[in-house]
Amino acid sequence: MDDVIGRIPKQLLIDGKWQDSADASTFGVDDPGNERRLCEIADGQAADAEAAVEAAVTAQESWARTPPRERGEILRRAFELMTERADELALLMTLEMGKSLTESRAEVTYAAEFFRWFSEEAVRIDGRYSPNPAGGGRTIVTRQPVGPCLLVTPWNFPLAMGTRKIGPAVAAGCTMIVKPPQLTPLSMLNLAALLTEAGLPDGVLNVVPSTSATRIVNPVLGDARVRKMSFTGSTEVGRKLVEQCAPNLQRMSMELGGNAPFLVFADADLDAAVQGAVTAKMRNNGESCVAANRFHVAEPVAEEFTRRLTEKLGQLRIGHGTEEGVSVGPLINQGQRDKVIELVDDALGRGATATTGGEPLEGKGFFYRPTVLSGVPEGARILREEVFGPVAPVTTFTDEDEAVALAGDTEFGLVGYLFTRDLDRAIRVGEALQTGMVGINTGLVSNPAAPFGGVKASGFGREGGHEGIDEYLDTKYLAVAVGAS
């Protein structure tokens, strides 16, 4: 383990050079499974952010002219390097974030796939040519890179959220300034080194970790030469960033908070529904914006569904992510565990019952037992706030209209899940849900080949799929006069 940490760059990457922060300050990165200090890394300052912008701006013109095939081949090489080093990448992620090695290996596979997908998309940036309907000219429509971008990534998927943003930016011909999360910066630093090894030119990717997001974001967004921002994080922070982008009218894609409903209809395959619930709830220890947050179950099957889900979650092994057979690791820090405790205690105080779990573990590490809450009353905070932990609150509904109404009773709209054997109902309810994504008879919607994103307070813009690269491209129209022969 120490060997893996020892090989990670611990400085800032600016213009192809690893360097200390402007004031030589550092900050610590800890293992949430045992609260051990893993290492110290450079703590970026405003001057470092400004230097990163200069590097990205300087590199933009030549990078935009780089043939799409060459850009794609860099991504392809990075995909191959990630695949070769999957075990090391997974171990690093488990150490800094806490998830089990099984979960981390799955994220490495998922993360690498964004590089492979966008390596193929790089050569499919197209336009169109058409005659002027009124005659006398031609219309040419082309796509060009939007320019230097600020990418702000979250702590919960420290590798995949990086590749999901970097992949399309590289494919489109954009340079980048990346602000990785303070809690889990090591995966991004390692990824930056890997991309350099894959042949990414100096200045195209600049990485500035910092204990202060505003210290980095403010000078970057204050520079009108930076033309786009992509952010994954809370809705509260997202709203502030939208305001910051307004003066320079910078393009934005925002993947924000969620409050995902999980609907189980009376005709559902309960075995599939319970397995889907475990996947949708427990992936990443429940610390996922697409985690099922509320389980609305048809009254005739609610008791049986709750019993089976209780049995499944009660069997999951909790422990440090590097231990054999562990399914559930720690939460990211004490603050996150305190929030889970607060929301569960609120539900219990209002009359809900914990059929399993309902409490933290004692000792080192920020562990919380997988929990099922039955009889959760309407006023419980956990039905309205994103719990971001291994807790499944269960309520009931009587008919389809009520199920759809309950699902939509939130400001968020990232993803919804529904289980039913009725195809008509699946389509009808899927279209009625006010979400950007819907999982029908599945608890997993994340897919590099599909557009990821939400509506309402869950943000705007899409990552992944054919749509993902559009966020990094401007459309240009050329009007060409053609005279008569």
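Q: What makes strand E12 and strand E18 a pair?
A: In this predicted model, where local features need pLDDT of at least 70, side-chain atom pairs count only at pLDDT 80 or more, and totals for chains, interfaces and linings use all residues, strand E12 (residues 260-264) and strand E18 (residues 415-419) are joined in the parallel sense over three bridges. Two strands pair if DSSP finds at least two bridges between them, and strands (E, at least two residues) and helices (H or I, at least four) are DSSP runs numbered from the N terminus, so E12 and E18 count as paired. Within this pairing, Phe 262 stands opposite Tyr 417 in E18. Residues are numbered from 1 along each chain as its sequence is written, and side-chain values use heavy atoms, with hydrogens and water left out.

Q: Why are strand E14 and strand E19 said to stand at the edges?
A: The open sheet has seven strands with mixed pairing, in the order E14-E15-E16-E13-E12-E18-E19. Strand E14 (353-356) and strand E19 (437-440) each have a single partner strand, so one side of each is left without a neighbour in the sheet.

Q: Why is Gln 60 called buried?
A: Gln 60, which lies in helix H2 (residues 46-65), has 11% relative accessibility. Buried means under 20% relative accessible area, exposed over 50%, and partly exposed in between (1.4 Å probe, protein chains only), so Gln 60 counts as buried.

Q: Which residues is Gln 60 in contact with, leaving aside its neighbours within four places in sequence?
A: Taking contact as heavy atoms within 4.5 Å, Gln 60 touches Pro 145, Gly 147, Pro 148, Gly 173, Cys 174 and Thr 175.
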